[in-house]
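Hello,

Here is the structure I promised to pass on. Please open it and keep it beside you while you read the notes below.

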Amino acid sequence: MLTTRLDTARIQAARRIIDPVFLHTPLYRCESLEPELGCAVSIKLETANPVRSFKGRGTELVASRLAEVGPPAVVCASAGNLGQALAWSGRGRGLDVTVVATRHATVAKLDRIRALGATLELVDGDHELARDRAAAIARQRGIRLFEDSLDIETCEGAATIGLELVDDPQSFDTVLVALGGGALATGVGHVLKELAPDVEVLCVQPLGAPAMTRSWHQRRVVTTESTNTIADGVAGRRPIPAVLDDLLVVADDAVLVRETSIIAGMRLLLDHAGLVAEPSAALGIAALLEDPDRFAGRHVVTVVCGSNVDATAYHRWVRPTRGRGW
């Protein structure tokens, strides 16, 4: 039995609560990527839903429970995707949703949060300051503070992705998951280690935001003073101890990738899979690019976890290089 905060029976039950629009997302072999990457590659696509990310799986759980037992108001800190998802799930259940984000967050994400009816408060500084402000609002108003990765709903919602991977008839050797706060990695990792223990769970984080990866390798919480990455969705500085404890149980390895590899991964997903991926969603492809020998001969699944991008920045990242056409 795995010793984590997660429970497989609860994860299975979660599929009866989560809106079906977030479930049974596509999982398919993408052969056009394989000559570039040197291994068999399948994509688990978590962007074809109303909030364009996997986060709705977790927010559906918390919103459903708040609608039943209260309080009818909730606040979270978000780089953008969690806030959108909570706004969407809360709107359908009559919840008062407040999202705290940094002024430097992706504009498209902030606009979508507002459009979904949530109250948006912006702070100067980074995501960790947004977390502090959200906690203060919760105390002042006496409402639910919803914390990504710490609150089990975010992890067990994400874990339903793992159930879908295990249910699929195709076999695979490795699953690549983006690593930020840890909800996606611990959720998917928990299910795979319990139900498909031979599958390697490999977490991928940007070199410019390495706190959780360093913490995993040193087996203790390691914080950083700052972050420097375009992958805003995974740019945390202060790992949560309880989440690290879970990650140490379920992850086989954690690696760091360069910004140039993240951008190259975004280009490959666009050119060979027709997918718009935000930087965090291209981390798995970046890992394949940086260490092809490690994955040679394997069948790898990469979770494409979000597609919320600023159009101007995205086109700048993926624009053709000299001599390279669309």
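**What I found**

Threonine 174 has glutamate 200, in strand E8, as its bridge partner. Keep in mind that this is a predicted model.

That bridge belongs to a parallel pair. Strand E7 (residues 174-178) and strand E8 (residues 200-206) are joined by five bridges. Both strands sit in an open sheet of six strands. Its order is E1-E2-E10-E7-E8-E9, and the pairing is mixed. Strand E1 (27-29) and strand E9 (253-257) are at the edges. Each has a single partner strand, so one side of each lacks a neighbour in the sheet. From one strand to the next, the twist averages 25°.

Now look at another parallel pair. Strand E4 (residues 96-102) pairs with strand E5 (residues 119-123) over five bridges. Alanine 101 has leucine 122, in E5, as its bridge partner.

Last, go to helix H14 (residues 311-318). Which of its residues are buried? They are Ala313, Tyr314, Trp317 and Val318. These residues cover an arc of only 115° around the axis, so they lie on the same side of H14. Thr312 and His315 are exposed on the other side. Helix H11 (259-273) is part of what covers the buried residues. The N-terminal end of H14 has a cap, aspartate 310. One of its side-chain oxygens lies 3.3 Å from the backbone nitrogen of threonine 312.

Best wishes

Note on methods. Residues are numbered from 1 along each chain as its sequence is written. This is a predicted model: local features need pLDDT of at least 70, side-chain atom pairs count only at pLDDT 80 or more; totals for chains, interfaces and linings use all residues. Side-chain values use heavy atoms; hydrogens and water are left out. Two strands pair if DSSP finds at least two bridges between them. Helices (H or I, at least four residues) and strands (E, at least two) are DSSP runs, numbered from the N terminus. Axes are lines fitted to C-alpha atoms, for helices over the stretch in contact, and angles run from 0 to 180 degrees between N-to-C directions. Buried means under 20% relative accessible area, exposed over 50%, partly exposed in between (1.4 Å probe, protein chains only). The arc is that of the directions from the helix axis to the C-beta atoms. Contact means heavy atoms within 4.5 Å. A polar contact is a pair of N or O atoms within 3.5 Å; within protein, one must be able to donate a hydrogen and the other to accept it, and residues adjacent in sequence count only if both atoms are side-chain atoms.
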